[in-house]
Structure formats: structure tokens, C-alpha cells
Amino acid sequence: MSVNIKKAAAAIVVVLGVTGLAACGTDDAPAAGKSGAPAPKTVTLVSHDSFNASKEVLADFTERTGFTVKVLKSGDAGEAVNKEILTKGSPQGDVFFGVDNTLLSRALDNGIFVPYEAKGLGRVPATYQLDKEHRVTPIDSGDICVNYDKKYFADKKLAPPVTFDDLAKPEYKDLLVVENPERSSPGLGFLLGTAAKYGDEGWQDYWKKLKANGVKTVDSWELAYNQEFSGSAGGKQAKGDRPLVVSYASSPPVEVLYGEPQPKVAPTGVSTGTCFRQTEFAGLLNGAKNPEGGKALIDFLISREFQEDMPLQMFVNPVAKDAALPELFTKHGVVIEKPETMAPQKIAEKRDPWIQQWSSLVLK
């Protein structure tokens, strides 16, 4: 799943062998060195901590272009974006991956990207293309949703919650753990989901109900999902006692894939009426040392080859219309038909004051 949901203490540089980036998975990728001066052999991708791709997929593009990919991991999404803002004009790399719609305005307003219309962008639905100037390119989407521990609810003979309203009911008292929206991307997405559902004023009354119903708040997804949540493999080991957690609709396939032994049915479920749609983007950094390699990278990220590799590497959904989902997703994943959404302009206007109001309501 998207690793802007994970928190890291420091940036880590990872060089992926002789890997590289491709343009749309086609033969029209820009060849290294065609513009006169020899092209840099390294393309640096700055990302949140969860970027991953199959070595075979990346190596295929290296064979086409000669570029080697260096991945610089810079913490959670918010932390990584802030680092790029601080180094604006003299960036850490050539391309940034992992800014999502909850933080997009912050990145765009600070001018860390330059426009580039990626090859193959027509294969991406317009609903994902939130920047008309093409400073960023949509790469993946995912739904932030409450997950539940199936065994807990079966043992208690209690139906799991389905909607936001359900979470505030007495039968679910002291069962839910959420992430602090000031520190966590899924925590922020869940807050925005409640604001989209209940309106600019109504969301505050809703959170008062959640607080009265014993909601627990922690700083990161890692703590919430792998320590507090009783349904995850990590949570079981940590003896977590909260059977409800804010995570992703793609979390159940993860529990299947990494289960030992691998279960036939996902041990966790998704409360489908509690979801907020998150989209992640990549952009060419202002001041990139290798802009041609960076453009090739962005083209590659929306190629069918990368898009079909991505679900089992980062547990997110492809945005390209021609990319197929793996069987693990179609069998154990959940399709959210009507997630809550919010216009980027409204997120930009309301995000910071809402976080402050949330902190006053919930943390004090």
C-alpha cells in the first residue's frame, strides 16, 4: 500500500542496480545522449518510503535507455514534500513521486515542479488529472477506509460497521484507532472524508461523537495498523486490541499475500461507507540535473508495464485504463464504488485550519 502512510526518521538512498526508466513501455523512449552532450547515466527519483518496483521491469527500461535509477526515500509523504520545498530550485533529484491530492496544493503553490505533459497521458482518465498545467502526472489511486478484524466481530457475533455513522454507535465504543492527520496521510484522508460526508461544520460534531465513543489516536499508520489493530499480522504479534483501524481498501490483499501460512480468505475486511479517494502524482522537479531522464521516468510510471507491476509492489490501483489488476486484488480486494472526494482547491483552503480544529477537538 502507499508508503506515504509510513513514517521514517531519515532519508535513505537506494540504488537499484542497473535499473532505469522507460517511456510508456514503447520503443519511442528518448535515447541517452541524443541531444548532443552525453546524457547523465543516472536518474534520481525522490519518493516517500514505500516506492517499489520489480527489478525486472526497471531493468527492461535500462536496456532501452542506458539510465540507472537511484531512489532517494525521504520519509512519509508530508515529510518528503516538505524536504523538496526546502530545497526548491536545487532539488535532491530529478522526479518526485508520492505527492497526493491531500498535499498537492502545497507542492504546486511552492513551485517545486515544472510542467511536462507525459507521453501516454491520454490513457489516464481526466478525473485523475487534477493539474491542467501538467506540473504533476497521476500515477496511482487508493481508497483510505476503515478496516476491520473479521475474527473479532465473528467471535462477538457483532456485525462490523459499514458507514461513518456506524463508527459512532455505542456497540463500537473503544474499538477504533485512527492516525493524527497532522502527521499521517491516511489520517488526513480520513479527516477529509468526514468533512466531505458531514460538511464544513458537521464534521466537528461527528468527531465529538467519535471521541465520546472512545476513538484512539496515534501518530502514524505503522503504529495504528501494525501495533494497535488486532486484525493485522503485526498487530496480532503486538497484541493489539483495536479491531477497527483507518487503513486502505487494498490492505486485505496484503494480509493474504504475506500471511504465513497464506490464508484462502482475507482475515480483514473493509467498511465500504468510510472511504476517501486518494490519488498519487509524480512531477519533474524544478532544477533537475537530468530533465530528459526525468521525463522518461514519468512516461514510464504511466506505462502499462509499470502500472501492472505496481499493485503488488505498492498495493495501490493503476490509473491507466489499459492496465489490468492482478488476481490477488480482484479476488481479495474491494472496489469502492462511491468514495468521498474533495476538490483540491477546497483541500488547499481548509486543510490547515481543519487540522488545527481537529487537534483542539480530539487531542485536548
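A disulfide is a pair of cysteine sulfur atoms within 2.5 Å. In this predicted model, a search of the whole structure finds 1 disulfide.

**The disulfide**

- The disulfide is formed by C145 and C275, whose sulfur atoms are 2.1 Å apart.
- C145 belongs to strand β6 (residues 137-149) and C275 to strand β10 (residues 268-285), so the pair ties together parts that lie 130 residues apart in sequence.
- The link of C145 and C275 is right-handed, with 120° about the S-S bond.
- In general terms, a disulfide is a covalent bond between the sulfur atoms of two cysteines.

**The packing of helices α6 and α14**

- Two packed helices are described by the angle between their axes and the distance between the axes.
- For helix α6 (residues 185-212) and helix α14 (residues 344-362), the axes come within 11 Å and cross at roughly 25°.
- Angles under 35 degrees count as roughly parallel, and α6 and α14 are therefore roughly parallel to each other.
- The crossing in which α6 passes α14 is left-handed.
- On the α6 side, the residues making the contact include L188, L191, L192, A195, W203 and W207.
- On the α14 side, the contacting residues include I347, W354, I355, W358, L361 and V362.
- Charged residues also take part in the contact, among them D200, K208 and K211 of α6 and K346, K350 and R351 of α14.
- Sorted by class, the contact of α6 with α14 has 12 nonpolar, 2 polar and 6 charged residues.

**The surroundings of R123**

- R123 is located in the loop between β5 (113-114) and β6.
- Although R123 and D322 are 199 residues apart in sequence, their C-alpha atoms are 7.1 Å apart in space.
- When residues up to four places away in sequence are not counted, R123 touches I302, S303, R304, V319, A320, K321 and D322.
- A polar atom of the R123 side chain lies 2.8 Å from the backbone oxygen of I302.

**The surroundings of N226**

- N226 is part of helix α7 (residues 221-228).
- The side chains of N226 and E222 are joined by a polar contact of 2.8 Å.
- Apart from its neighbours within four places in sequence, N226 is in contact with W221, S232, G234, G235 and A238.

**Backbone features in two loops**

- E260 and P261 are joined by a cis peptide bond, with omega at about -5°.
- P261 is found in the loop between α9 (251-257) and β10.
- K157 is not a glycine, yet this residue has a positive phi of about 50°.
- The position of K157 is in the loop between α4 (150-155) and α5 (164-167).

How values were computed
Residues numbered from 1 in each chain as written. Predicted model: local features only at pLDDT ≥ 70, side-chain atom pairs only at ≥ 80, totals over all residues. Heavy atoms only, no water. Axes fitted to C-alpha atoms, helices over the stretch in contact; angles between N-to-C directions. Helix = DSSP H or I, 4+ residues; strand = E, 2+ residues; numbered from the N terminus. Parallel < 35°, antiparallel > 145°, perpendicular 65-115°, else oblique. Left-handed = near helix turned anticlockwise from the far one by under 90°. Contact = heavy atoms within 4.5 Å. Polar contact = N/O pair within 3.5 Å; in protein donor to acceptor, adjacent residues only side chain to side chain.
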